[in-house]
Amino acid sequence: MVHRWSQSLSEEKEVEAVCLDCTKAFDRIPHEVLVRSLQDHGVTGDLLELLAGYLRGRTQRVTVGGYYSEYNEVRSGVPQGSVLGPLFSIVAVNKLSDQVKCELFQYADDLVAHHVIARSEDCQAFQECPNQLGENCQEARLSLNPTKSQHIRLSFKTSGSIPVPQGSYHITSQNIPTESQSTCLGVVIDRKLNWTAQVDAVSVKCRKRLHAIRTYFPPRRGAARQLLCKSLFLPVAEYACSVWNPTNHKHQRQLEQVQKDFLKSIRLSKIPKGQHDSDFSQYRQHLAEVQWDYLWMRRAKAVLVNAYQIRTGGFPDGELLLTNAGGLPHPRVNTRSQDPAKVPDRKFRTQPATRIKEVDTLKAEHFAGD
């Protein structure tokens with residue numbers, strides 16, 4: 001999804017994206033709709049009866065002040081926290097994209113509709129997408145919540161942008177709020193895909209977890225702190241990093257600063273009093289003592305692993321990422337004069353979508369020397 005958006009931005013196009021919210025999708029899907037959806041996907045015979053029996057026959061009751069109500073049969077929803085729960089939801093909403101003219105990305109109850117726009121008619125055509133999705137959700141016994149849905153316009157343009165008809169898109173005559181950034185599957189996406197908001201969100205969340213570790217575990221429990229850091233901090237710092245891997249110094253230093261501050265809290269080597277670790281020399285020494293990698297290096301390894309899987313066919317729909325992956329000019333590069341007939345050899349400027357700074361205050365040669 002983000003790959004396609006970045007391609008459109010590289011071509012100096014605008015993208016309309018609407019992150020739709022299904023109201024209590026896990027609780028409202030009727031069991032008969034789930035069973036019918038399983039049949040439509042080719043599940044029959046004993047397997048269908050087994051899955052139907054897994055859903056049916058469930059009861060629940062409530063208690064207030066020690067008094068219990070009578071048991072009532074549960075006829076809708078999927079078991080929360082189960083392995084099959086998200087799978088049932090995906091099967092139930094899989095046909096929401098039927099007859100929808102725009103492209104729709106789905107994962108469980110998260111729906112993202114997007115469309116590349118070049119003129120006002122494209123905006124009017126995109127409005128048909130929420131309308132059709134609303135009708136499909138009614139057939140699936142679901143409902144979309146316009147107030148919790150978000151519309152975001154991805155564009156590098158500062159002026160001359162195509163206006164949205166009636167000021168905003170809507171679902172069942174209720175307006176969808178327009179935001180400068182939106183959160184999809186835990187990743188904060190802004191209108192220019194510069195990932196500043198995502199890096200800020202990751203930094204705040206990581207610092208909260210590290211603060212809890214330092215609060216409940218004293219410095220002498222350095223080994224326990226390191227173990228908790230790997231379990232609670234690194235998964236957050238590296239979640240979906242192949243998508244938002246930052247490429248500028250400011251974002252890289254901001255993330256490294258979080259890990260640097262944590263390493264200072266465990267009993268490692270100290271710098272002389274009154275000095276500051278402005279060149280990250282103490283940070284490099286601490287990483288060597290605990291045998292950890294830089295965060296940017298861990299993200300780079302994750303990107304390379306995913307790239308290898310995409311190249312070798314081990315990534316679902318990886319061929320879509322390889323389609324026209326090369327040959328697209330970077331939006332910040334002026335390519336008007338870059339005509340092969342006019343530009344001398346070796347004068348083309350290429351800028352990869354994801355790269356690691358070779359010259360930084362976190363110098364790679366120092367790490368290699370350690």
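Reader: Which residues is Trp244 in contact with, leaving aside its neighbours within four places in sequence?
Author: Trp244 touches Val187, Trp195, Gln198, Val199, Val202, Ala237, Tyr239, Leu255 and Arg299, where contact means heavy atoms within 4.5 Å. Keep in mind that this is a predicted model, where local features need pLDDT of at least 70, side-chain atom pairs count only at pLDDT 80 or more, and totals for chains, interfaces and linings use all residues. Residues are numbered from 1 along each chain as its sequence is written, and side-chain values use heavy atoms, with hydrogens and water left out.

Reader: And which residues touch the most other members of the largest nonpolar core?
Author: Trp244 is one of them, along with Trp5, Leu154, Ile189, Phe233, Phe262 and Leu263, in a core of 40 residues. Such a core is a set of buried Ala, Val, Leu, Ile, Met, Phe, Trp, Tyr and Cys residues joined through side-chain atoms within 4.5 Å; buried means under 20% relative accessible area (1.4 Å probe, protein chains only).

Reader: Where does this core lie?
Author: Between domain 1 (1–193) and domain 2 (195–309), because both give residues to it. The domain bounds come from an automatic or database domain assignment.

Reader: New topic: how many disulfides does a search of the whole structure find?
Author: It finds 1: Cys102 and Cys129, with sulfur atoms 2.2 Å apart. The cut-off for a disulfide is a pair of cysteine sulfur atoms within 2.5 Å.

Reader: Is Cys129 buried or exposed?
Author: Cys129 is buried, at 2% relative accessible area.

Note on methods. Buried means under 20% relative accessible area, exposed over 50%, partly exposed in between (1.4 Å probe, protein chains only).
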